[in-house]
Amino acid sequence: MSDDKVHPLRLPRSSRLSGFYRQTPAQRRTRLVESRWLSAEEAEACASLAGFDEACADSMVENVIGLHGLPLGLALNFRVNGQERLVPMAVEEPSIIAAASYAARLCAEHGGFEVTADEPITTAQVQLLDVRSPAEAEAALRARFPELLVEANSHLGPMCARGGGVRELEVRVLDATTLVVHLHVDTRDAMGANLVNGLAEKMAPRFVALSGGRAGLKILTNLADRRKVYVRASVPADALVSEGFADGGAVRDAILEAQRFAELDPYRAVTHNKGVMNGVDGVLVACGNDWRAVEAGAHAWAARSGVYRPLTTWRAGEDGALRGLLEMPLATSTVGGAARTHPGVLRALKLAGVSGALDLAGLAAAAGLATNLAALKALSTEGIQKGHMALHARRVAAEAGAEGEWVAVVAEQLARERVYRPERAREILDEVRQRQGAVQ
Ligand code: MEV
(Lines give C-alpha, C1' and ligand atoms only; values in the text may rest on other atoms or scores of the structure.)
Protein backbone atom coordinates (compact mmCIF):
# COMPACT_ATOMS: atom_id res chain seq x y z
CA MET A 1 0.00 0.00 0.00
CA SER A 2 1.40 3.41 -0.89
CA ASP A 3 2.21 5.98 1.78
CA ASP A 4 -0.40 8.30 0.24
CA LYS A 5 -3.16 5.80 0.98
CA VAL A 6 -2.12 5.63 4.63
CA HIS A 7 -2.10 9.43 4.99
CA PRO A 8 -5.08 10.97 3.17
CA LEU A 9 -3.81 14.47 4.06
CA ARG A 10 -0.83 13.82 1.80
CA LEU A 11 -2.81 13.11 -1.37
CA PRO A 12 -2.20 15.66 -4.14
CA ARG A 13 -4.06 18.85 -3.29
CA SER A 14 -4.65 22.08 -5.13
CA SER A 15 -3.90 25.50 -3.66
CA ARG A 16 -6.50 26.93 -6.03
CA LEU A 17 -9.69 27.09 -3.97
CA SER A 18 -12.00 29.02 -6.23
CA GLY A 19 -14.58 31.27 -4.59
CA PHE A 20 -12.75 30.97 -1.21
CA TYR A 21 -12.87 34.73 -0.68
CA ARG A 22 -16.67 34.72 -0.97
CA GLN A 23 -17.10 32.17 1.81
CA THR A 24 -17.45 32.66 5.55
CA PRO A 25 -14.51 31.65 7.78
CA ALA A 26 -16.44 28.53 8.87
CA GLN A 27 -17.16 27.55 5.26
CA ARG A 28 -13.49 28.07 4.39
CA ARG A 29 -12.42 25.75 7.20
CA THR A 30 -14.86 23.11 5.96
CA ARG A 31 -13.38 23.53 2.49
CA LEU A 32 -9.87 22.94 3.86
CA VAL A 33 -11.04 19.73 5.48
CA GLU A 34 -12.87 18.60 2.31
CA SER A 35 -9.82 19.32 0.19
CA ARG A 36 -7.62 17.48 2.72
CA TRP A 37 -5.45 20.39 3.79
CA LEU A 38 -6.48 19.99 7.43
CA SER A 39 -8.08 17.41 9.68
CA ALA A 40 -11.47 18.37 11.16
CA GLU A 41 -9.86 18.88 14.59
CA GLU A 42 -7.15 21.15 13.23
CA ALA A 43 -9.70 23.19 11.29
CA GLU A 44 -11.81 23.56 14.43
CA ALA A 45 -8.75 24.70 16.39
CA CYS A 46 -8.08 27.49 13.85
CA ALA A 47 -11.42 29.07 14.72
CA SER A 48 -10.11 30.22 18.08
CA LEU A 49 -6.74 30.62 19.70
CA ALA A 50 -7.15 26.97 20.75
CA GLY A 51 -4.33 25.95 23.03
CA PHE A 52 -2.85 29.42 23.21
CA ASP A 53 -3.78 30.51 26.71
CA GLU A 54 -2.48 32.82 29.37
CA ALA A 55 -0.08 30.22 30.76
CA CYS A 56 1.39 29.72 27.28
CA ALA A 57 1.74 33.49 26.78
CA ASP A 58 3.27 33.90 30.23
CA SER A 59 5.94 31.36 29.35
CA MET A 60 6.86 33.35 26.23
CA VAL A 61 7.34 36.96 27.37
CA GLU A 62 7.34 39.12 30.48
CA ASN A 63 4.62 41.05 32.32
CA VAL A 64 1.80 39.27 30.47
CA ILE A 65 -1.67 40.63 31.19
CA GLY A 66 -3.59 38.91 28.38
CA LEU A 67 -3.60 37.71 24.80
CA HIS A 68 -3.51 39.63 21.53
CA GLY A 69 -4.97 38.35 18.27
CA LEU A 70 -4.46 38.99 14.55
CA PRO A 71 -6.43 37.64 11.59
CA LEU A 72 -4.98 34.45 10.12
CA GLY A 73 -5.65 34.21 6.38
CA LEU A 74 -4.48 31.94 3.59
CA ALA A 75 -2.87 33.10 0.38
CA LEU A 76 -3.89 30.71 -2.38
CA ASN A 77 -2.66 29.60 -5.82
CA PHE A 78 0.96 29.10 -4.72
CA ARG A 79 3.02 26.53 -6.57
CA VAL A 80 6.54 26.48 -5.15
CA ASN A 81 9.20 24.26 -6.75
CA GLY A 82 6.39 22.30 -8.38
CA GLN A 83 4.42 21.76 -5.16
CA GLU A 84 1.00 23.17 -4.37
CA ARG A 85 1.23 25.15 -1.13
CA LEU A 86 -1.16 27.11 1.05
CA VAL A 87 0.48 30.19 2.54
CA PRO A 88 -0.70 31.21 6.00
CA MET A 89 -0.40 34.92 6.72
CA ALA A 90 -1.09 36.80 9.95
CA VAL A 91 -1.48 40.47 9.16
CA GLU A 92 -3.64 43.44 10.10
CA GLU A 93 -3.59 45.22 6.71
CA PRO A 94 -6.40 44.50 4.22
CA SER A 95 -5.55 43.60 0.58
CA ILE A 96 -2.24 41.85 1.26
CA ILE A 97 -3.57 38.29 1.27
CA ALA A 98 -5.77 38.94 -1.76
CA ALA A 99 -2.81 40.55 -3.55
CA ALA A 100 -0.53 37.59 -2.82
CA SER A 101 -3.16 35.12 -4.06
CA TYR A 102 -3.79 37.14 -7.21
CA ALA A 103 -0.09 37.42 -8.14
CA ALA A 104 0.53 33.74 -7.33
CA ARG A 105 -2.21 32.86 -9.83
CA LEU A 106 -0.46 34.98 -12.49
CA CYS A 107 2.86 33.25 -11.75
CA ALA A 108 1.21 29.81 -11.81
CA GLU A 109 0.68 30.26 -15.56
CA HIS A 110 4.46 29.75 -15.98
CA GLY A 111 4.86 27.04 -13.33
CA GLY A 112 4.85 29.14 -10.17
CA PHE A 113 7.80 30.06 -7.97
CA GLU A 114 11.25 28.56 -8.21
CA VAL A 115 13.11 28.80 -4.93
CA THR A 116 16.72 28.13 -3.99
CA ALA A 117 18.49 28.98 -0.76
CA ASP A 118 21.96 29.18 0.75
CA GLU A 119 22.87 26.89 3.62
CA PRO A 120 21.33 28.13 6.91
CA ILE A 121 24.37 30.03 8.18
CA THR A 122 23.99 32.30 11.22
CA THR A 123 26.99 34.46 12.01
CA ALA A 124 28.21 35.54 15.44
CA GLN A 125 30.51 38.53 15.90
CA VAL A 126 33.18 38.99 18.56
CA GLN A 127 34.40 42.57 18.81
CA LEU A 128 38.09 42.94 19.77
CA LEU A 129 39.16 46.35 21.10
CA ASP A 130 42.48 48.02 21.97
CA VAL A 131 44.38 45.73 19.63
CA ARG A 132 47.89 47.20 19.34
CA SER A 133 48.67 45.80 15.91
CA PRO A 134 45.54 44.78 14.00
CA ALA A 135 47.55 43.43 11.08
CA GLU A 136 49.63 41.14 13.35
CA ALA A 137 46.55 40.12 15.32
CA GLU A 138 44.72 39.32 12.10
CA ALA A 139 47.59 37.12 10.92
CA ALA A 140 47.85 35.37 14.31
CA LEU A 141 44.12 34.63 14.33
CA ARG A 142 44.09 33.42 10.73
CA ALA A 143 47.03 31.08 11.38
CA ARG A 144 45.03 29.37 14.15
CA PHE A 145 41.69 29.19 12.32
CA PRO A 146 41.83 25.40 11.67
CA GLU A 147 42.28 24.58 15.36
CA LEU A 148 39.86 27.33 16.48
CA LEU A 149 37.23 25.81 14.17
CA VAL A 150 37.68 22.39 15.78
CA GLU A 151 37.54 23.95 19.23
CA ALA A 152 34.39 25.95 18.40
CA ASN A 153 32.67 22.83 17.10
CA SER A 154 33.56 20.99 20.31
CA HIS A 155 31.09 23.37 22.02
CA LEU A 156 28.33 22.46 19.57
CA GLY A 157 28.02 18.69 19.97
CA PRO A 158 24.23 18.33 19.46
CA MET A 159 24.17 20.81 16.54
CA CYS A 160 27.08 18.98 14.85
CA ALA A 161 25.17 15.72 15.36
CA ARG A 162 22.23 17.27 13.49
CA GLY A 163 24.47 18.11 10.53
CA GLY A 164 25.20 21.70 11.55
CA GLY A 165 28.24 23.32 13.14
CA VAL A 166 30.84 26.02 12.59
CA ARG A 167 31.73 26.18 8.90
CA GLU A 168 34.18 29.08 8.75
CA LEU A 169 35.95 31.77 10.75
CA GLU A 170 36.64 35.22 9.41
CA VAL A 171 38.49 38.25 10.75
CA ARG A 172 37.92 41.84 9.67
CA VAL A 173 39.87 44.96 10.63
CA LEU A 174 37.46 47.78 11.50
CA ASP A 175 39.87 50.58 12.49
CA ALA A 176 43.38 51.19 13.84
CA THR A 177 42.69 49.27 17.09
CA THR A 178 39.54 47.25 16.45
CA LEU A 179 38.97 43.83 14.89
CA VAL A 180 35.95 41.63 14.61
CA VAL A 181 35.95 37.86 14.38
CA HIS A 182 33.00 36.16 12.66
CA LEU A 183 31.92 32.63 13.47
CA HIS A 184 29.80 31.32 10.59
CA VAL A 185 27.61 28.54 11.97
CA ASP A 186 25.25 26.23 10.11
CA THR A 187 22.28 26.12 12.48
CA ARG A 188 20.06 23.79 10.38
CA ASP A 189 16.36 24.35 11.18
CA ALA A 190 17.07 26.80 13.99
CA MET A 191 17.69 30.50 13.63
CA GLY A 192 20.41 29.75 16.16
CA ALA A 193 20.58 33.11 17.94
CA ASN A 194 21.12 31.65 21.42
CA LEU A 195 23.45 29.00 20.09
CA VAL A 196 25.82 31.37 18.28
CA ASN A 197 25.67 34.03 21.01
CA GLY A 198 26.73 31.38 23.54
CA LEU A 199 29.47 30.18 21.22
CA ALA A 200 30.79 33.73 20.74
CA GLU A 201 31.02 34.13 24.53
CA LYS A 202 32.89 30.83 24.87
CA MET A 203 35.37 31.59 22.09
CA ALA A 204 36.03 35.26 22.95
CA PRO A 205 38.85 34.56 25.47
CA ARG A 206 40.73 32.57 22.81
CA PHE A 207 40.47 35.46 20.33
CA VAL A 208 41.58 37.90 23.04
CA ALA A 209 44.65 35.78 23.80
CA LEU A 210 45.62 35.64 20.13
CA SER A 211 44.94 39.30 19.31
CA GLY A 212 46.29 40.92 22.46
CA GLY A 213 43.16 43.09 22.69
CA ARG A 214 40.10 42.91 24.91
CA ALA A 215 36.68 41.51 24.05
CA GLY A 216 33.72 43.82 23.48
CA LEU A 217 30.35 42.66 22.16
CA LYS A 218 29.61 39.01 21.47
CA ILE A 219 26.41 38.75 19.48
CA LEU A 220 25.00 37.49 16.19
CA THR A 221 24.60 39.78 13.19
CA ASN A 222 21.16 40.11 11.64
CA LEU A 223 22.76 40.87 8.30
CA ALA A 224 22.41 37.18 7.44
CA ASP A 225 24.00 37.54 4.01
CA ARG A 226 25.24 33.95 4.01
CA ARG A 227 21.67 32.83 4.48
CA LYS A 228 19.98 34.26 1.43
CA VAL A 229 16.98 32.97 -0.44
CA TYR A 230 16.35 33.40 -4.17
CA VAL A 231 12.88 33.26 -5.69
CA ARG A 232 12.17 33.45 -9.39
CA ALA A 233 8.85 33.66 -11.18
CA SER A 234 7.63 34.74 -14.57
CA VAL A 235 4.32 35.84 -15.97
CA PRO A 236 3.42 35.61 -19.67
CA ALA A 237 2.51 39.05 -21.01
CA ASP A 238 -0.96 37.79 -21.99
CA ALA A 239 -1.71 36.93 -18.37
CA LEU A 240 -1.22 40.59 -17.42
CA VAL A 241 -4.32 41.64 -19.37
CA SER A 242 -7.04 42.87 -17.03
CA GLU A 243 -10.27 44.88 -17.13
CA GLY A 244 -9.52 48.12 -18.98
CA PHE A 245 -5.94 46.99 -19.86
CA ALA A 246 -6.20 44.86 -22.96
CA ASP A 247 -2.53 44.93 -23.95
CA GLY A 248 -0.52 42.62 -21.69
CA GLY A 249 2.76 43.84 -23.19
CA ALA A 250 1.89 47.41 -22.23
CA VAL A 251 1.10 46.32 -18.66
CA ARG A 252 4.46 44.53 -18.50
CA ASP A 253 6.24 47.66 -19.71
CA ALA A 254 4.42 49.79 -17.15
CA ILE A 255 5.59 47.38 -14.42
CA LEU A 256 9.15 47.71 -15.75
CA GLU A 257 8.84 51.49 -15.50
CA ALA A 258 7.75 51.09 -11.88
CA GLN A 259 10.79 48.85 -11.30
CA ARG A 260 13.08 51.47 -12.86
CA PHE A 261 11.59 54.13 -10.59
CA ALA A 262 12.57 52.03 -7.55
CA GLU A 263 16.07 51.46 -8.98
CA LEU A 264 16.58 55.21 -9.47
CA ASP A 265 15.05 56.55 -6.27
CA PRO A 266 15.54 55.32 -2.68
CA TYR A 267 12.30 57.04 -1.64
CA ARG A 268 10.43 54.77 -4.02
CA ALA A 269 12.67 51.75 -3.31
CA VAL A 270 11.69 51.81 0.38
CA THR A 271 7.98 51.65 -0.50
CA HIS A 272 8.67 49.00 -3.16
CA ASN A 273 10.44 46.91 -0.50
CA LYS A 274 7.62 47.53 1.97
CA GLY A 275 5.43 45.79 -0.59
CA VAL A 276 7.86 42.83 -0.57
CA MET A 277 7.89 42.70 3.23
CA ASN A 278 4.07 42.70 3.31
CA GLY A 279 4.22 39.13 2.06
CA VAL A 280 7.37 38.03 3.88
CA ASP A 281 6.29 39.34 7.29
CA GLY A 282 2.75 37.98 7.02
CA VAL A 283 4.15 34.47 6.69
CA LEU A 284 6.81 35.00 9.37
CA VAL A 285 4.27 36.28 11.90
CA ALA A 286 1.88 33.38 11.19
CA CYS A 287 4.79 30.96 11.60
CA GLY A 288 6.05 32.58 14.83
CA ASN A 289 9.36 33.78 13.41
CA ASP A 290 11.50 36.80 14.28
CA TRP A 291 10.31 39.18 11.58
CA ARG A 292 12.25 42.12 13.12
CA ALA A 293 15.50 40.27 12.47
CA VAL A 294 14.48 39.60 8.87
CA GLU A 295 13.37 43.22 8.37
CA ALA A 296 16.69 44.56 9.69
CA GLY A 297 18.69 42.19 7.48
CA ALA A 298 16.55 42.86 4.40
CA HIS A 299 17.00 46.63 4.53
CA ALA A 300 20.73 46.40 5.23
CA TRP A 301 21.02 44.08 2.24
CA ALA A 302 19.02 46.52 0.12
CA ALA A 303 21.52 49.26 1.02
CA ARG A 304 24.68 47.16 0.58
CA SER A 305 25.94 49.21 -2.39
CA GLY A 306 25.72 52.41 -0.36
CA VAL A 307 22.44 53.32 -2.08
CA TYR A 308 19.14 51.84 -0.92
CA ARG A 309 17.81 49.67 -3.76
CA PRO A 310 14.84 47.40 -4.47
CA LEU A 311 15.06 43.82 -3.23
CA THR A 312 13.37 42.54 -6.37
CA THR A 313 14.35 42.78 -10.00
CA TRP A 314 11.75 42.64 -12.77
CA ARG A 315 12.83 42.37 -16.40
CA ALA A 316 11.33 41.36 -19.76
CA GLY A 317 12.41 37.90 -20.91
CA GLU A 318 13.27 37.07 -24.52
CA ASP A 319 9.83 35.48 -24.84
CA GLY A 320 8.21 38.74 -23.74
CA ALA A 321 7.28 37.38 -20.32
CA LEU A 322 7.77 39.44 -17.19
CA ARG A 323 10.51 37.81 -15.11
CA GLY A 324 11.10 38.53 -11.44
CA LEU A 325 13.79 37.70 -8.92
CA LEU A 326 13.78 38.33 -5.18
CA GLU A 327 17.12 37.84 -3.45
CA MET A 328 17.35 38.60 0.25
CA PRO A 329 18.76 37.36 3.56
CA LEU A 330 16.03 35.41 5.32
CA ALA A 331 16.87 33.66 8.60
CA THR A 332 14.00 31.46 9.74
CA SER A 333 13.40 28.77 12.30
CA THR A 334 11.04 25.83 12.56
CA VAL A 335 12.35 24.57 15.90
CA GLY A 336 12.49 26.28 19.26
CA GLY A 337 10.89 29.59 20.23
CA ALA A 338 7.25 30.07 19.27
CA ALA A 339 7.41 26.99 17.02
CA ARG A 340 7.75 24.92 20.19
CA THR A 341 5.35 26.73 22.49
CA HIS A 342 2.60 28.34 20.41
CA PRO A 343 -0.05 25.91 19.16
CA GLY A 344 -1.28 28.38 16.50
CA VAL A 345 2.23 28.57 15.07
CA LEU A 346 2.43 24.79 14.95
CA ARG A 347 -0.88 24.72 13.06
CA ALA A 348 0.33 27.35 10.59
CA LEU A 349 3.55 25.41 9.92
CA LYS A 350 1.49 22.26 9.37
CA LEU A 351 -0.99 24.02 7.10
CA ALA A 352 1.85 25.36 4.99
CA GLY A 353 3.46 21.89 4.94
CA VAL A 354 6.76 23.44 6.04
CA SER A 355 9.56 20.88 5.99
CA GLY A 356 12.28 23.00 7.62
CA ALA A 357 13.83 26.45 7.98
CA LEU A 358 14.98 26.76 4.35
CA ASP A 359 11.56 25.71 3.10
CA LEU A 360 9.88 28.32 5.31
CA ALA A 361 12.30 30.99 4.06
CA GLY A 362 11.42 30.04 0.48
CA LEU A 363 7.70 30.19 1.13
CA ALA A 364 7.96 33.59 2.86
CA ALA A 365 10.08 34.92 -0.01
CA ALA A 366 7.62 33.59 -2.62
CA ALA A 367 4.88 35.49 -0.77
CA GLY A 368 7.13 38.59 -0.85
CA LEU A 369 7.72 38.37 -4.58
CA ALA A 370 3.97 37.89 -5.06
CA THR A 371 2.90 40.91 -2.99
CA ASN A 372 5.50 43.03 -4.75
CA LEU A 373 4.23 41.96 -8.19
CA ALA A 374 0.61 42.60 -7.21
CA ALA A 375 1.47 46.08 -5.92
CA LEU A 376 3.49 47.00 -9.03
CA LYS A 377 0.75 45.76 -11.34
CA ALA A 378 -1.98 47.63 -9.48
CA LEU A 379 0.09 50.83 -9.20
CA SER A 380 1.09 50.85 -12.83
CA THR A 381 -2.45 50.18 -14.12
CA GLU A 382 -5.62 51.03 -12.24
CA GLY A 383 -3.89 52.42 -9.10
CA ILE A 384 -3.91 50.89 -5.64
CA GLN A 385 -7.13 52.47 -4.41
CA LYS A 386 -9.51 50.28 -6.42
CA GLY A 387 -8.47 47.12 -4.55
CA HIS A 388 -8.43 48.94 -1.23
CA MET A 389 -11.90 50.31 -1.87
CA ALA A 390 -13.19 46.83 -2.73
CA LEU A 391 -12.13 45.72 0.74
CA HIS A 392 -13.51 48.85 2.28
CA ALA A 393 -16.81 47.99 0.58
CA ARG A 394 -16.80 44.58 2.30
CA ARG A 395 -16.34 46.25 5.67
CA VAL A 396 -19.18 48.71 4.97
CA ALA A 397 -21.41 45.82 3.82
CA ALA A 398 -20.69 43.85 6.99
CA GLU A 399 -21.30 46.91 9.18
CA ALA A 400 -24.64 47.42 7.41
CA GLY A 401 -25.67 43.93 8.55
CA ALA A 402 -24.75 41.76 5.56
CA GLU A 403 -23.64 38.26 6.56
CA GLY A 404 -22.05 35.29 4.83
CA GLU A 405 -22.19 35.34 1.04
CA TRP A 406 -24.27 38.52 1.08
CA VAL A 407 -21.24 40.53 2.17
CA ALA A 408 -19.68 39.99 -1.26
CA VAL A 409 -22.94 40.68 -3.11
CA VAL A 410 -23.49 44.02 -1.33
CA ALA A 411 -19.79 44.95 -1.53
CA GLU A 412 -19.63 44.29 -5.27
CA GLN A 413 -22.66 46.53 -5.85
CA LEU A 414 -21.13 49.31 -3.69
CA ALA A 415 -17.87 49.05 -5.66
CA ARG A 416 -19.75 49.12 -8.99
CA GLU A 417 -21.54 52.29 -7.91
CA ARG A 418 -18.38 53.68 -6.24
CA VAL A 419 -20.52 54.62 -3.29
CA TYR A 420 -19.33 53.42 0.09
CA ARG A 421 -21.94 54.89 2.44
CA PRO A 422 -23.50 52.62 5.08
CA GLU A 423 -27.02 53.94 4.17
CA ARG A 424 -26.56 52.78 0.57
CA ALA A 425 -25.23 49.42 1.80
CA ARG A 426 -28.39 48.98 3.91
CA GLU A 427 -30.59 49.84 0.90
CA ILE A 428 -28.77 47.30 -1.28
CA LEU A 429 -29.05 44.69 1.46
CA ASP A 430 -32.82 45.29 1.71
CA GLU A 431 -33.15 45.00 -2.08
CA VAL A 432 -31.17 41.74 -2.09
CA ARG A 433 -33.25 40.33 0.76
CA GLN A 434 -36.48 41.27 -1.01
CA ARG A 435 -35.31 39.66 -4.24
CA GLN A 436 -34.31 36.54 -2.30
CA GLY A 437 -37.75 36.48 -0.60
CA ALA A 438 -39.49 36.83 -3.97
CA VAL A 439 -37.56 33.87 -5.36
CA GLN A 440 -38.36 31.57 -2.38
C1 MEV B 1 1.17 48.98 0.77
O2 MEV B 1 1.08 48.19 1.92
C3 MEV B 1 2.32 48.52 -0.12
C4 MEV B 1 2.55 49.34 -1.38
O5 MEV B 1 2.76 50.72 -1.06
C6 MEV B 1 3.77 48.77 -2.06
C7 MEV B 1 4.26 49.56 -3.26
O8 MEV B 1 4.02 50.75 -3.32
O9 MEV B 1 4.93 48.93 -4.09
C10 MEV B 1 1.35 49.30 -2.29
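Here is a short walk through a ligand site and the helices packed around one of its contributors.

The model is predicted, so local features need pLDDT of at least 70 and side-chain atom pairs count only at pLDDT 80 or more, while totals for chains, interfaces and linings use all residues. Residues are numbered from 1 along each chain as its sequence is written, and side-chain values use heavy atoms, with hydrogens and water left out.

Let's start at the ligand. Its shell is made of E93, R268, T271, H272, K274, G275, N278, A375, L379 and I384, where a residue is near if one of its heavy atoms lies within 4 Å. These divide into 3 nonpolar, 4 polar and 3 charged residues; Ala, Val, Leu, Ile, Met, Phe, Trp, Tyr, Cys and Pro count as nonpolar, Asp, Glu, Lys and Arg as charged, and the others, Gly among them, as polar. Which helix gives the most to this shell? It is α11, with 6 residues. Helix α11 (266-286) and α15 each supply at least two shell residues; helices here are DSSP runs (H or I, at least four residues), numbered from the N terminus.

Now look at the ligand's oxygen atoms. For N278, a polar side-chain atom lies 2.9 Å from a ligand oxygen atom. On its own the ligand has 300 Å² of accessible area, and the protein covers 84% of that (Shrake-Rupley method, 1.4 Å probe).

From here, follow α15 to its packing partners. Two packed helices are described by the angle between their axes and the distance between the axes. Helix α5 (residues 96-108) and α15 have axes that come within 7 Å and cross at roughly 95°, with axes fitted to C-alpha atoms over the stretch in contact and angles running from 0 to 180 degrees between N-to-C directions. That makes α5 roughly perpendicular to α15, a label for angles of 65 to 115 degrees.

V251, A254, I255, A258 and Q259 of α10 meet L373, L376, K377 and S380 of α15, giving 6 nonpolar, 2 polar and 1 charged residues.

Note on methods
Contact means heavy atoms within 4.5 Å. A polar contact is a pair of N or O atoms within 3.5 Å; within protein, one must be able to donate a hydrogen and the other to accept it, and residues adjacent in sequence count only if both atoms are side-chain atoms. Angles under 35 degrees count as roughly parallel, over 145 as roughly antiparallel, 65 to 115 as roughly perpendicular and the rest as oblique.
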